[in-house]
2 protein chains.
Amino acid sequence: MSITLTAVPHLPLVKPGDDIAEMILAATSNAGIDIHDGDIFVLAQKIVSKAEGRLANLSDITPSAQAIDLANKTGKDARLVELVLSESNEVLRYRTNVLIVEHKLGFVCANAGIDHSNVKGLHGNPDDWMLLLPKDPDASAATIRRKIEKFTHKRIGVMIIDSHGRAWRNGTLGTVIGLSGMPGLVDLRGKPDLFGFKLKITQVAAGDELAAGASLLMGQADEGTPVVHVRGFPYPLREGSLKELIRPENEDMFR
Amino acid sequence: MSITLTAVPHLPLVKPGDDIAEMILAATSNAGIDIHDGDIFVLAQKIVSKAEGRLANLSDITPSAQAIDLANKTGKDARLVELVLSESNEVLRYRTNVLIVEHKLGFVCANAGIDHSNVKGLHGNPDDWMLLLPKDPDASAATIRRKIEKFTHKRIGVMIIDSHGRAWRNGTLGTVIGLSGMPGLVDLRGKPDLFGFKLKITQVAAGDELAAGASLLMGQADEGTPVVHVRGFPYPLREGSLKELIRPENEDMFR
């Protein structure tokens, strides 16, 4: 049993308005990557956000008193902090250079996933252009999936991932922010092990496990390989949602 | 660029005293898996613990007052709680059926990683036999690595992983508890992105990303495929340690 993760080569730089599904179909075809039933495409968040034009310019933003206060406490640009707050449900922690929030999408991450845009050819100071997360990443994944499925007549899954820090351990991990056509969580409850003991570890974050593995091929330093093709995901595909992976606040002991 | 993860087939059930490196060499040879420079073997913790005889019998354990108190609060067996405490630096959180600790090895996990042993042929009630984590998983990984390298004359990496829960999100993720000959953390600080912005995401938990991906092939319900062979890990191998991946308590905002 094998899983093969392949960085889709030669994907063009993504611009607002681009059709990601078409770009993936063209790039996989050029690279000789056949699409089979059960395959999954893992997409870096930034290309989906760019295609959807999820851009904001800091010079358009007037920070609130709360944003100015948090900017003073973190050493961050108050306009960026305002943007982070506008994308968040709640601030969980802050310190110098660090701002951890619950994003409106429900997950916990730094800076609400906002980063420099890296979009060429926009007016003004390029440092002022920021890229927000897709508004509804499950829906973005579903749209891309449907187009690829329609063209190929294959049943696939699509995930959108970002690099998230975590509690207790150093370094970022590729982490699901949206998915379609595949499980986020796989429930193994009640399966007996080899000797008939009921398993106590019950739910595997299969989507996040795949996100982490695929992230290895995306690197961090450029936009070279923001799409990874996956063959051999070992769990059955089904409809799924980011929501499976989010622990409700009242069940979370580490807020 | 591709990563291929392959579950090593037909590994025999591991017993105390077994030589894991020899078993991997035999199983890969039988399966026609060549070992190349740069390959990595990812091992489920339970086979390493079994080979090292890291077993404890609950009937040998007399719980302390603290263990009895925590057992009442969590609904767990007081002897198991005593065993968890003996493997831990600190209890972080507890509630019914949940006991989250800092393991003596430095990472945060549930129940100090202790589980039913699933070792056949031991005396007494099989429910009473528990499996502890390896005493020094970096050293265990190094021993297995050296043997495989000596036999193959190839430069490889070895990781030992376990399934860990996490803050904020549902489900477990395959997570490094020990490694040798490869990086846990990869530092990308200072690398400019496509447009010359300095990267702010700086450190990638490459070891944990690979652990999560490899964990997909191990499943949870049996011991069928506790070893995964990895080809195509995209970062250079070097000496490494679990310690890279542990966030020091004074830098952790979510204790």
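**View 1. A:His164 and the residues around it.** Leaving aside neighbours within four places in sequence, A:His164 is in contact with A:Phe107, A:Val108, A:Cys109, A:Gly171, A:Thr172, A:Leu173, A:Thr175, A:Ile177 and, from chain B, B:Arg169. Contact here just means heavy atoms within 4.5 Å. This is a predicted model, where local features need pLDDT of at least 70 and side-chain atom pairs count only at pLDDT 80 or more, while totals for chains, interfaces and linings use all residues; side-chain values use heavy atoms, with hydrogens and water left out. Residues are numbered from 1 along each chain as its sequence is written, and chains are lettered from A and ligands numbered from 1 in the order in which they are written. You'll find A:His164 in strand E9 of chain A. Helices (H or I, at least four residues) and strands (E, at least two) are DSSP runs, numbered from the N terminus. With a relative accessible area of 5%, A:His164 is buried. Buried means under 20% relative accessible area, exposed means over 50%, and partly exposed is in between (1.4 Å probe, protein chains only).

**View 2. A:Ile160 in strand E9.** A:Ile160 sits in strand E9 (residues 157-164) of chain A. Its relative accessibility is 0%, so A:Ile160 counts as buried.

**View 3. Helix H4 of chain A and its cover.** Seven of the nine residues of helix H4 (residues 78-86) of chain A are buried, so the helix is largely enclosed by the rest of the structure. The buried residues are A:Ala78, A:Leu80, A:Val81, A:Glu82, A:Leu83, A:Val84 and A:Leu85. What covers them includes helix H3 (65-74) and strands E3 (55-57), E4 (88-95), E5 (98-103) and E8 (129-131) of chain A.

**View 4. A salt bridge between A:Asp77 and A:Arg79.** Side chains of opposite charge can pair when their charged atoms come close. A salt bridge is a side-chain nitrogen of Lys or Arg within 4 Å of a carboxyl oxygen of Asp or Glu. For A:Asp77 and A:Arg79, the closest N and O atoms are 2.8 Å apart. A:Asp77 is partly exposed at 31% relative accessible area, and A:Arg79 is partly exposed too, at 23%. Over all chains, the count by this rule comes to 36 salt bridges.

View 5. B:Glu149 pairs with B:Arg145 in a salt bridge, with the closest N and O atoms 3.1 Å apart. Both lie in helix H5 (residues 137-152) of chain B, four residues apart, which is about one turn of the helix. B:Glu149 is buried, at 12% relative accessible area, and B:Arg145 is buried at 2%. Another salt bridge joins B:Arg155 to B:Glu239, with the closest N and O atoms 3.9 Å apart. B:Arg155 is in the loop between H5 and strand E9 (157-164) of chain B, and B:Glu239 is in the segment after strand E13 (227-231), so the pair ties together parts that are 84 residues apart in sequence. B:Arg155 is partly exposed, at 27%, and B:Glu239 is partly exposed at 47%. Over in chain A, salt bridges that share partners join A:Arg145, A:Arg146, A:Glu149, A:Arg155 and A:Glu239 into one network.

**View 6. Two histidines with positive phi.** A:His153 has phi near 60°, a positive value in a residue other than glycine. This residue, A:His153, lies in the loop between helix H5 (137-152) and E9 of chain A, and counts as exposed at 72% relative accessibility. B:His10 has a positive phi of about 60° although it is not a glycine. You'll find B:His10 in the loop between strand E1 (2-7) and helix H1 (20-31) of chain B, exposed at 75%.

**View 7. The cavity and the two chains.** The structure holds one cavity of 30 Å³ or more. About 300 Å³ of space lies in the largest cavity. A cavity is a set of points on a 1 Å grid over the protein atoms alone where a 1.4 Å probe fits but cannot get out, and lining residues have an atom within 4 Å of a point. Grid points are joined across faces, edges and corners, and the volume is the space filled by probe spheres set on the points. The lining has 23 residues, with A:Arg166, A:Leu173, B:Arg166, B:Ala167 and B:Leu173 nearest the centre. Strand E10 (173-180) of chain A and strand E10 (173-180) of chain B are the elements that give two or more residues to this lining. Chain B can be laid on chain A with an RMSD of 0.0 Å by a turn of 180° and a shift of 0.0 Å along the axis. The two copies are thus related as by a two-fold rotation axis. They are superposed by least squares on the C-alpha atoms of residues with pLDDT of at least 70 in both.

Terms used:
1 Å grid on protein atoms, 1.4 Å probe; cavity = no way out; pocket = protein on both sides within 12 Å on 5 of 7 lines; lining within 4 Å.
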